[in-house]
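Please have a look at it first.

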Amino acid sequence: MDTEKNPQGGARVFRASAGPHIRSGESVPHIMWTVSAALLPAAGLSVYYFGPRAFLILIISIASSAAFEALAQKLMGAKITVSDGSAILTGLLLGMNLPASAPFYLPVIGSAVAILITKQLFGGLGYNIFNPALIGRAFLMASFPRFMTAWPVPQGSLSLARPDAVTGATPLGILKEEGYRKLLSHFASRHDMYVQLLLGHRGGAMGETGVIALLFGAAYLLYKGYITWHIPVTFIATVAVLTAVFGGDPWLAMLSGGLVLGAFFMATDYVTVPQLKRAQIAFGLGCGIITALIRLEGGYPEGVCYAILLMNCFTPLLDRAFRPRKFGEVA
Amino acid sequence: MRITSFKGGVHPPDNKKSTASLPIVDARLPERVVIPMSMHIGAPAKPIVGVGDAVRKGQKIGEAQGAVSVPVHASISGKVIAVGSFPSPMGADAQAVVIESDGADEWADGLAGHDDYLSLNPDVLRNIIKEAGIVGMGGATFPSHVKLSPPKEKKIKYAILNGAECEPYLTADARLMEENPGDIIEGLKIIMAILRVTDGFVGVEDNKKAAIKAMSAEAGKVACELVVETYYERDGIQYEVPKGCKMGVKVVPLPVKYPQGSEKQLIKAVTGLEVPPGHLPMDVGAVVQNVATAAAIYQAVRFGRPLVERVLTVTGPGINEPRNLRVRIGTLFEDIISQCGGINKKAAKVVMGGPMMGIAQWSLGVPVVKGTSGIVALSEREAVNVMDFGPCIRCGRCIEVCPMGLNPSVLGQLIEKGHFEEAKDYGLLDCFECGSCSFVCPSGRPMVQFTKWAKRELARKKQKAS
């Protein structure tokens, strides 16, 4: 239009789009990096307990997860989004689920299964049905049981050598094979056992032992609102109550195995758990029941990994069953 | 009184400080105005003046077309220099009448007011409101006389004025309540007279203490007035008003939360009632009007003045001297911004209305319309680029904040894949596009855009089918 005749001769052109024109500033990378940061105290503790080899396993796991993510996205011609931190978080979680004594190729294989198969083949971030790190762990568990059931006992050693000589069973393993009394005999007293478990001075995967450090990270995420209490509290409480009902030690149940790591950091993975709060409580309940069943009656000493993976299957159903009440709708 | 707020909502930074204490100032008389024939929801008005015609302020220049439509008036006196298609801030180009000022600013003849306005027949009052071209001035621009004409079977119990102004940056309504509470309360009394209700409410967000104080003082004077008996005639039906029945107006402080000023959320806060999905406020006996609309109704009924000006906030980091201005309808944005120290380099996005639900403008060559509550120039840092969004990570933040209890996450994913019918099953039509979901989305997903698109596609399909 001729600006001479047009009374509306505005010159500068501005960006136009649908509202809202402002945003809260929250972003996926910020969430992923914050969760990763919240895992660092526990990761650090595991390096302290299990030595530099633990550090190497974590680094290999993170690096291979990131590399597989980039590779998959390059092959599919998609935008490479390694910097969003989600693959790095998966790598960190996978590493924390491994024994420090694992051979170095284990985290690489685990990452391939987690990122390539569980995440990218299902459509990438936001579309995977199962928790990638847990599928990685489950795959390694099934394929390399020799490495995945020999858990090193914390040495504080600085050796890079594989700590084969000092591997032993986890507290839950001892409990399953030899009973509660035998387990207690490893400690000075029942109280001492709880303290040792809390501090992570026991055999197990690198990231699951330092309960106190995990709780510290979890508290930060709860405070920031990145996770809510619904799944972890229901999950852990269900395990404790069921264990007590069947005559077990609920404190031991809560502090041992991968329960704290699983409940606060894996069963809270946005993508694979229900979105709705009431559905999350049902999810936590289901996780707790399956974990307790496996621990008390199953063949494995620990069931957190499988419990979460099994409940991942129910996520869409739970979300559908617990639809929120619409405004104005009669409940 | 305990206020039952709605579930959800967000707390964007309110950014009202720069204009909250600035009195409303009359803007410079524009040399030229561009007055669109469609400044309301419904059929556009039809121009009844031609190029060369002399017009005066308040003179009708566009005739309403059909029931849901209002006439349009000249906002200055002068000469019509063009009738044609011009950019409108409400979207695509629209038919408009361009008037060049003669500088005299004279009112048209025959604009008569009414002293005894509360004793007028409701139908007469409705007609005055329609003929004055009054629409919802909060931004929705729905013709007010239509809202004030509920079907006979709907018993209206609550007349509610919306003074929430929950959008960040805007302070126009707050200033109007502080400076002209009398106009607003008188407007509300007219609304109550039309609807024959005795309970009037003004909902104001609790962060506007001065406005609440001014409005409460004014509302306090209402309580002692008897409902006059002349309200009997309505649609030919006798209506019993209990003797001694008093009009009462209550100012209700509302929790500070976006979107508290949304009609259904406001009704819930004031009455405790929830409008069911797919229903209208009148189904729970409520009628809501914006405070500025009430003031315009008073001006129209008392003084015979059509809607030719409005108060708006010109603000944001991109505006050098933010102000609250009383502006003639049809004044171009650039003309107004030049009276506010001009626009600076920081401005990345210019929004008509608030930053949550306002309409982004690509050009400043658009006129102020009846629904222009503000002109906000957002900085690059605030204004998001919607082209850059990621996949839904199912974090559930949008579900937590949705004031309608919907699942925007699922809605967005369904719409993204073109499943519009399924989206309808998930409550697409209950969404009023407040944008709380997009505001909190860490993936920056353009949920409002999805919703608008899906609604339009469904409407198109329906049109095709019929």
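How are α1(A) and α2(A) oriented to each other? Before I answer, please keep in mind that this is a predicted model. The axes of α1(A) and helix α2 of chain A, residues 52-75, come within 6 Å and cross at roughly 140°, and α1(A) and α2(A) are therefore oblique to each other. Where they meet, α1(A) brings Ala43(A), Ser46(A), Val47(A) and Phe50(A), while α2(A) brings Arg53(A), Ala54(A), Phe55(A) and Leu58(A).

A second pair in chain A is made up of helix α4, residues 105-119, and helix α5, residues 132-143, whose axes come within 8 Å and cross at roughly 130°.

Let me now move on to helix α10 of chain A, which covers residues 211-224 and so has 14 residues, reaching 20 Å from its first C-alpha to its last, close to the 20 Å expected at 1.5 Å a residue. Buried in α10(A) are Val211(A), Ala213(A), Leu214(A), Gly217(A), Ala218(A) and Leu221(A). Seen down the axis of α10(A), these buried residues fall within an arc of 160°, so they line one face of the helix. They pack against α1, α9, α12 and α13 of chain A, whereas the face of α10(A) turned away from the buried side carries the exposed residues Ala219(A) and Tyr223(A). After α10(A) comes Gly225(A), whose phi is positive, near 80°.

The buried residues of α4(B) include Ala172(B), Asp173(B), Arg175(B) and Glu178(B).

Finally, we come to the contact between the chains, which takes 61 residues from chain B and 35 residues from chain A. Several elements of chain B give two or more residues to the side that touches chain A, including β2, β7, α13 and α14, and β15(B) gives the most to that side, with four residues.

Notes. Residues are numbered from 1 along each chain as its sequence is written. Chains are lettered from A and ligands numbered from 1 in the order in which they are written. This is a predicted model: local features need pLDDT of at least 70, side-chain atom pairs count only at pLDDT 80 or more; totals for chains, interfaces and linings use all residues. The expected span of a helix is 1.5 Å times one less than its number of residues. A residue is buried if 20 or more other C-beta atoms lie within 10 Å of its own, exposed if 12 or fewer, and partly exposed in between; C-beta atoms are placed from the backbone. The arc is that of the directions from the helix axis to the C-beta atoms. Two residues are in contact if their C-beta atoms, placed from the backbone, lie within 7 Å. Axes are lines fitted to C-alpha atoms, for helices over the stretch in contact, and angles run from 0 to 180 degrees between N-to-C directions. Angles under 35 degrees count as roughly parallel, over 145 as roughly antiparallel, 65 to 115 as roughly perpendicular and the rest as oblique.
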